[in-house]
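Subject: Structure for your review

Dear colleague,

Please find the structure below, with its sequence.

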Amino acid sequence: MEANEIICRPTKDTFVRFCIVLAAFFGFGLYFFYDGAVGYRQANEVYFSYHTFARLGELAQKATPAEWQRQVAGAPLLRDTVQTDNGPAIRGEKDNYPLPRDCKAAQECPPEAQDAAAMRAGWNDCWTAYTARMHYPVRAGEHPYNEGAIREQWIAGGACMAVSLLILWLIFRTKGRVLALRGDTVTAAGQDFKVGDITRLDLRQWWGKGSKGAAYATVNGRRIKMDGMTYGGFGEGAPADVFMKALLGQYHGEVLEYKQEDEQK
């Protein structure tokens with residue numbers, strides 16, 4: 001770097017902020033995808049299984065052994081199932097409620113629900129034992145999730161992943177750029193222009209009230225952002241401060257700065 005060159009590179013804080021936002025969107029994307037593929041389906045299995053246990057608990061109170069055997073033995077826990085292109089689902093009046101592809105409750109009745117005496121004594125205890133064995137939550141959800149709700153999870157996950165890709169692109173773009181003053185040539189926002197081509201320099205967000213560490217140079221009718229917060233940073237002797245002082249040393253045109261009167265407006 002020559003003596004008359006001032007080059008402001010992206011700060012570490014910039015990449016830390018990028019990475020935090022990237023991790024958040026990527027994490028939410030994975031969370032939405034998990035719910036679309038697994039979470040909502042399993043929640044449906046728990047929801048319908050819970051209500052079936054409750055129904056069988058009522059049946060156990062009044063059914064004869066023969067009736068109980070006829071109603072329960074050899075039948076799956078969840079009976080109102082249909083096969084769709086996306087696996088088994090509970091058939092609803094207007095929509096289907098997808099279940100896990102290997103849903104055990106749609107294939108067999110668990111032993112915890114087949115014991116009429118235990119169900120008669122307390123079907124909740126049988127349900128608790130079943131969920132413990134299956135590693136399911138004891139508390140069922142307030143409502144099941146239909147195919148539309150699951151589709152929304154995939155859409156939301158895709159949107160989060162798209163934003164994650166955008167953030168990755170911004171990271172690489174930022175990494176490849178600088179804010180620089182080389183002689184009388186300014187490099188900002190991926191563009192080069194001469195100090196003499198600047199017709200107005202807006203510094204109201206550089207040092208002023210509500211500072212965002214950004215200045216705007218008007219060049220040939222275009223506003224070009226000079227982002228000191230991202231490139232160089234601020235502080236005593238920080239590159240962005242050195243850059244702006246050097247630029248002002250060469251520039252003698254119109255300068256917009258924050259004034260005390262602006263605060264009173």
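A charge is taken to sit over a ring if NZ of Lys or CZ of Arg is within 6 Å of the ring centre and within 35 degrees of the ring normal. Arginine 223 lies in this way over the face of tyrosine 216, at 4.3 Å from the ring centre.

Please note that this is a predicted model, in which local features need pLDDT of at least 70 and side-chain atom pairs count only at pLDDT 80 or more, while totals for chains, interfaces and linings use all residues. Residues are numbered from 1 along each chain as its sequence is written, and side-chain values use heavy atoms, with hydrogens and water left out.

Aromatic pairs

Rings of Phe, Tyr and Trp (its six-membered ring) pair if their centres lie within 6.5 Å; planes under 30 degrees apart count as stacked, over 60 as edge-to-face and the rest as tilted. The count by this rule is 13 aromatic pairs. In one of them, the ring centres of tyrosine 40 and tyrosine 145 are 3.7 Å apart and the planes stand at 15°, so this pair is stacked. Tyrosine 40 belongs to helix α1 (residues 12–62) and tyrosine 145 to the loop between α4 (116–134) and α5 (147–175), so the pair ties together parts that are 105 residues apart in sequence. Here helices (H or I, at least four residues) and strands (E, at least two) are DSSP runs, numbered from the N terminus. Tyrosine 40 is buried at 15% relative accessibility, and tyrosine 145 is partly exposed at 22%; buried means under 20% relative accessible area, exposed over 50% and partly exposed in between (1.4 Å probe, protein chains only).

The rings of tyrosine 50 and tryptophan 123 have centres 5.4 Å apart and planes at 65°, so they form an edge-to-face pair. Tyrosine 50 is in helix α1 and tryptophan 123 in helix α4, so this pair ties together parts that are 73 residues apart in sequence. Tyrosine 50 is partly exposed at 25% relative accessibility, whereas tryptophan 123 is buried at 19%.

Pockets

On a 1 Å grid over the protein atoms alone, a pocket is an open set of points where a 1.4 Å probe fits, with protein on both sides within 12 Å along at least five of seven lines; lining residues have an atom within 4 Å of a point. Grid points are joined across faces, edges and corners, and a volume is the space filled by probe spheres set on the points.

The largest pocket has a volume of about 280 Å³. Its lining consists of 14 residues, of which Arg173, Thr174, Asp227, Thr230 and Tyr231 lie nearest the centre. Two or more lining residues come from each of α1, α5 and β10 (222–227).

The second largest pocket has a volume of about 230 Å³. Among the residues lining the second largest pocket are Phe48, His51, Arg55, Asp80 and Arg91. Both α1 and β3 (87–91) supply at least two residues of this lining, and α1 gives the most, with 4 residues.

Two further residues

Aspartate 202, in strand β8 (residues 198–202), is buried, with a relative accessible area of 7%. Valine 242, in helix α6 (residues 239–250), is partly exposed at 36% relative accessibility.

Yours sincerely
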